[in-house]
Amino acid sequence: METENQTTTQRISGADAFVKALVYEGVDTIFGYPGGANMPIYDAIYRAEGEVTHLMGRHEQGAIHAAQGYARASGKCGVVLATSGPGATNIITGIADAMIDSTPLVCFTGQVPYNLIGTDAFQECDITGISMPCTKWNYQIKDADDIAEIIAKAFYIARSGRPGPVLIDITKNAQFQETDFKYQACEIINSYIPKPQLNESAVAAAIATIRTAEKPFLIWGQGVILSEAEQALKDFLDKTQIPSASTLLGLSALPSDHPTYTGMVGMHGNYAPNKLTNSCDVLIAVGMRFDDRVTGNTATYATQAKVIHIELDPAEIDKNIPATIPVNADAKEALSAISAGLDAQSKDKYASWYAEFDAFYQEEKNEVILPEVAPEGDQLTMAQVVENIAKTFHRDAIIVSDVGQHQMKAARYSAFNKSRSHITSGGLGTMGFSLPAAIGAKVACPEREVVAIIGDGGFQMTLQELGMILDYNIAVKIVVLNNEFLGMVRQWQELFFDNRYASTPLKNPDFVKLAESYGITSLKIDHKSALNDALAQLRDHQSAMFLECMVVKEENVFPMIASGATVTDIRLK
């Protein structure tokens with residue numbers, strides 16, 4: 001990893017120890033917002049110019065989403081620094097988002113001096129109590145002597161096993177106090193076993209079951225990306241030729257044109273893989289947690305199949321869907337071991353099984369895909385814009401979507417060549433995620449194009465982070481799909497509330513003028529004949545650029561599994 005041990009001892013302030021600890025953990029970039037309770041740390045960062053780069057969000061929520069985007073794009077720990085009280089509570093949404101999406105984050109908050117805790121001091125709040133349910137671990141440092149040890153432990157916990165957020169609250173007196181600084185990277189914690197040992201009998205059982213399967217089906221999730229199992233997954237599928245599908249967060253782990261890939265599962269996933277989940281005889285689930293958006297009604301989900309569940313986190317096994325063969329293991333190790341015990345197959349072995357997928361795909365193509373990507377008339381559709389973004393950027397950009405209809409269109413119509421190319425808020429569904437997360441992704445991967453695809457509702461939740469682009473000249477590309485609605489809520493109102501559009505129409509500001517006021521070159525289009533030229537300008541522009549696309553106002557996202565319905569009830573219209 002990025003750790004390094006240090007043996008010499010220095011007498012320095014707690015704030016300086018904080019900065020040195022980050023450097024020893026390999027951190028070169030943090031996102032944050034200064035305030036009264038973290039000023040000594042900010043002063044230490046200022047004095048240590050060049051060792052750690054700090055990027056200031058315009059709101060703590062923006063800062064933590066930027067750290068999340070940085071982590072998701074790079075695979076490193078994201079780091080965020082906030083002050084006490086409201087500064088601390090403003091990062092809770094990002095912490096909860098990182099927890100459910102397994103994003104490695106180390107979050108630091110300032111706290112009032114230790115002697116004032118419990119007195120209702122100015123901007124005092126119990127952030128360790130508040131964050132306890134949505135962190136892997138949290139701790140309040142009251143003494144500078146604890147800073148190095150606790151920070152080392154924080155990074156180890158955030159990165160290891162199933163990654164997640166850790167919060168460290170540091171009282172102001174601890175930041176001022178002097179300490180004898182020495183750094184020892186954390187490599188083990190008693191009773192914490194982040195990586196279970198591979199169970200050979202479970203592997204043998206999985207091999208025997210897959211060998212006899214006539215209709216096997218593999219679904220992978222983000223666990224493949226987190227355990228760097230992309231090549232192991234590809235090798236497994238190349239060898240076995242088993243039909244496969246991805247969850248929303250698993251997208252880009254395997255190239256979209258892989259011959260076994262049948263699409264995305266879930267509420268707005270593809271028709272065939274959803275329909276046929278309830279037809280397979282063996283379901284191999286890799287690094288995914290069977291959340292409700294994937295399973296629909298769990299009582300009817302894949303009940304006919306033997307389920308092989310490969311999952312690092314033992315708490316996820318048997319939580320939502322019972323596993324016939326639980327394989328509590330790292331995805332790369334498990335896939336490699338199981339693959340070694342199987343014979344190579346040609347696709348012909350499963351020809352009739354693939355034919356079922358092909359038949360359902362043709363239905364979806366005729367009913368949904370073609371009308372969406374090649375509609376009649378000159379109006380723009382979301383699918384049309386997304387598909388052309390993929391083509392214009394040669395399917396090589398990092399796509400960062402927000403939450404809503406455009407998110408599902410981005411997932412369905414983007415295509416990916418390499419891993420860590422699709423970033424979105426999956427579990428928590430946080431509107432406002434995309435713009436700051438895209439900024440963080442671009443900071444992490446300056447050599448790659450990063451395109452934020454956002455709805456007009458989500459854009460207005462964190463648009464103040466255009467200030468980060470202005471401040472640090474971050475060349476992220478922003479595409480707002482404007483339908484003047486909270487589109488996904490409106491769709492549900494149309495389908496389930498008799499078209500009563502309660503508080504979902506949006507009266508928007510002039511987004512182009514707004515983006516230009518932040519010094520960002522901006523463009524607005526409202527017909528498809530202008531699309532390709534606009535996207536080419538977006539691609540070729542050397543700095544940040546904003547493109548607003550006026551799209552069909554009452555477009556819906558299909559296929560769709562209604563909430564609580566079974567996956568075979570997925571509808572095309």
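This report walks through the overall build of the protein and then a few local features worth a look.

**Overall build**

Please keep in mind that the structure is a predicted model. The protein holds 23 helices and 20 strands. Its radius of gyration is 24 Å, close to the 25 Å that the globule rule gives for 573 residues, so the protein is as compact as a globular protein of that length. Along the principal axes, the C-alpha atoms occupy a box of roughly 70 × 60 × 40 Å.

Of the 573 residues, 60% are buried. If you look at contacts with a separation of 6 or more, 76% of them come from residues 24 or more positions apart. The accessible surface amounts to about 21,900 Å², and carbon and sulfur atoms hold 50% of that. As for charge, there are 46 positive and 68 negative side chains, with the centres of the two sets 3 Å apart.

**A buried strand**

Strand E2 covers residues 29-32. In a regular strand, side chains alternate between the two faces of the sheet. In E2, Thr29 and Phe31 point one way, while Ile30 and Gly32 point the other way. Are these residues buried or exposed? All of them are buried. E2 pairs with strand E3 (residues 53-56) in the parallel sense, over four bridges. Within this pairing, phenylalanine 31 stands opposite leucine 55 of E3.

**Loops and backbone details**

| Residue | Relative accessible area | State |
|---|---|---|
| Glutamate 484 | 29% | partly exposed |
| Aspartate 510 | 41% | partly exposed |
| Serine 503 | 69% | exposed |

Glutamate 484 sits in the loop between strand E18 (477-482) and H21. Its phi is near 55°, which is a positive value in a residue other than glycine. Serine 503 belongs to the loop between H21 and H22, and its phi, near 60°, is likewise a positive value in a residue other than glycine. Why is serine 503 called exposed? Exposed means over 50% relative accessible area, and serine 503 has 69%, so it qualifies.

Aspartate 510 is also found between helix H21 (487-496) and helix H22 (511-517). Lysine 172 is 338 residues from aspartate 510 along the chain, and their C-alpha atoms are separated by 43 Å.

Where does a cis peptide bond occur? This bond joins phenylalanine 558 and proline 559, with omega at about 5°. Proline 559 lies in the segment that follows strand E20 (545-550).

Note on methods. Residues are numbered from 1 along each chain as its sequence is written. This is a predicted model: local features need pLDDT of at least 70, side-chain atom pairs count only at pLDDT 80 or more; totals for chains, interfaces and linings use all residues. Side-chain values use heavy atoms; hydrogens and water are left out. Helices (H or I, at least four residues) and strands (E, at least two) are DSSP runs, numbered from the N terminus. The radius of gyration is taken over C-alpha atoms; the globule rule is 2.2 Å times the number of residues to the power 0.38. Buried means under 20% relative accessible area, exposed over 50%, partly exposed in between (1.4 Å probe, protein chains only). Contact means heavy atoms within 4.5 Å. Accessible areas come from the Shrake-Rupley method with a 1.4 Å probe; for residues, only the protein chains shown count as cover. Lys and Arg count as positive and Asp and Glu as negative; His and the chain ends are not counted. The place of a charge is taken as NZ of Lys, CZ of Arg, CG of Asp or CD of Glu. Two strands pair if DSSP finds at least two bridges between them.
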